[in-house]
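Please keep the sequence and the structure in view while reading.

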Amino acid sequence: MIVLLFFLLWRIPVVQFDFGEERYYLKEKEFTLQWIHSVEKEEWLEFYERDGDSLLLTETKFKTYGAGVPSDGEIISSEDGYVHMKIGRLFTEMNLTVSENAQTTIITAEEEIPLYEYTEDYELVTIKIEFIHLWDYARRNKL
């Protein structure tokens, strides 16, 4: 009985993607957000990890300086054609506009999830950490 009660009350941390009418969950602790910048037309990557009940932006990677480039990041040496910046910024919630033009994609160690295939063009997706019951995760919506 105690074991059953434990499983009924125990919650696990997940990254929640809220599409308004639907929610999807990532159990992975780390993910990368990738898109094509609207002005420079170059690939941009941001690396996130769960940090308690927040998302921690650890690093960003891009090819050209332009609109949206952080001004306070520490440049990390690299030779792959990208500018790497260490960031270290916490977010309790992120609001992301997804579009086919930007090809907004989530990358995990296991898969690539093209968010733009799951939304209407220019739809808002809210990303945040949630603590959900195991049974909710087991029957979760998968991207």
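## Surface patches

Patches are made of residues with over 30% relative accessible area and no salt bridge, where like charges are joined within 9 Å and nonpolar side chains (Val, Leu, Ile, Met, Phe, Trp, Tyr) within 5 Å. Accessible areas come from the Shrake-Rupley method with a 1.4 Å probe, and for residues only the protein chains shown count as cover. A salt bridge is a side-chain nitrogen of Lys or Arg within 4 Å of a carboxyl oxygen of Asp or Glu.

This is a predicted model, in which local features need pLDDT of at least 70, side-chain atom pairs count only at pLDDT 80 or more, and totals for chains, interfaces and linings use all residues. Residues are numbered from 1 along each chain as its sequence is written, and side-chain values use heavy atoms, with hydrogens and water left out.

On the surface, a nonpolar patch is formed by Leu8, Leu9 and Trp135, which together have about 310 Å² of accessible area. Trp135 belongs to helix α2, residues 134-138 (helices are DSSP runs of H or I with at least four residues, strands are runs of E with at least two, and both are numbered from the N terminus).

## Buried residues

Ser54 is part of strand β5, residues 54-62. Because its relative accessibility is 9%, Ser54 counts as buried (under 20% relative accessible area; exposed is over 50% and partly exposed in between, with a 1.4 Å probe and protein chains only).

Ile87 is placed in strand β7, residues 83-91, and is likewise buried, at 16% relative accessibility.
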